[in-house]
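Hello,

Here is the structure for your files, with notes on the backbone and the pocket below it.

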Amino acid sequence: MSISSRLPTYRPYALAVLRIATAVLFIQHGAAKLFGYPHVAMFDGLQLISLLGVGGVLELIGGALFLLGWKTRLVAFILSGEMAFAYFWFHAGSAFWPILNKGELAALYSFLFLYFCFSGPGKLSIDGEG
């Protein structure tokens, strides 16, 4: 049996690893905005009732739910929308190409979360899909 024929059996676990890694990286954005850790100077003095503040709440709470794999498809849909909004509101106006407008990460997160809307969480999730 070749490795190519065995790899698909590990797909649900690879999807879980991708979900967990994405969540851990995403939660950092919310923590930086809401708690100042890790420290990002542009978030100093951030108001909770602001676009960035609401984004921080979504990133922290949504990221935690996504990490656990609870209501993954719904949470991923919401976070995909948040990142699409972030891209068009904060980045797209300054230049067309994401590499120039510094919106690569927002665009990538948006499409990654959109993928999870359709794929589900993989193994190791509260949702139990996989």
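Lysine 102 sits in the loop between helix H5 (98-101) and helix H6 (104-119); helices here are DSSP runs of H or I with at least four residues, numbered from the N terminus. Its phi is near 60°, a positive value in a residue other than glycine. Lysine 102 counts as exposed because its relative accessibility is 69% (exposed means over 50% relative accessible area, 1.4 Å probe, protein chains only).

The model is predicted: local features need pLDDT of at least 70, side-chain atom pairs count only at pLDDT 80 or more, and totals for chains, interfaces and linings use all residues. Residues are numbered from 1 along each chain as its sequence is written, and side-chain values use heavy atoms, without hydrogens and water.

Leucine 124, in the segment after H6, also has a positive phi near 60°. With 61% relative accessibility, leucine 124 is therefore classed as exposed.

A cis peptide bond, omega about -5°, joins tyrosine 37 and proline 38. Proline 38 belongs to the loop between helix H2 (11-35) and helix H3 (51-68).

The largest pocket has a volume of about 540 Å³. A pocket is an open set of points on a 1 Å grid over the protein atoms alone where a 1.4 Å probe fits, with protein on both sides within 12 Å along at least five of seven lines; lining residues have an atom within 4 Å of a point. Grid points are joined across faces, edges and corners, and the volume is the space filled by probe spheres set on them. Of its 25 lining residues, Lys33, Leu52, Glu59, Met83 and Ala86 are the closest to the centre. H2, H3, helix H4 (72-91) and H6 each supply at least two lining residues.

Regards

Note on methods: Buried means under 20% relative accessible area, exposed over 50%, partly exposed in between (1.4 Å probe, protein chains only).
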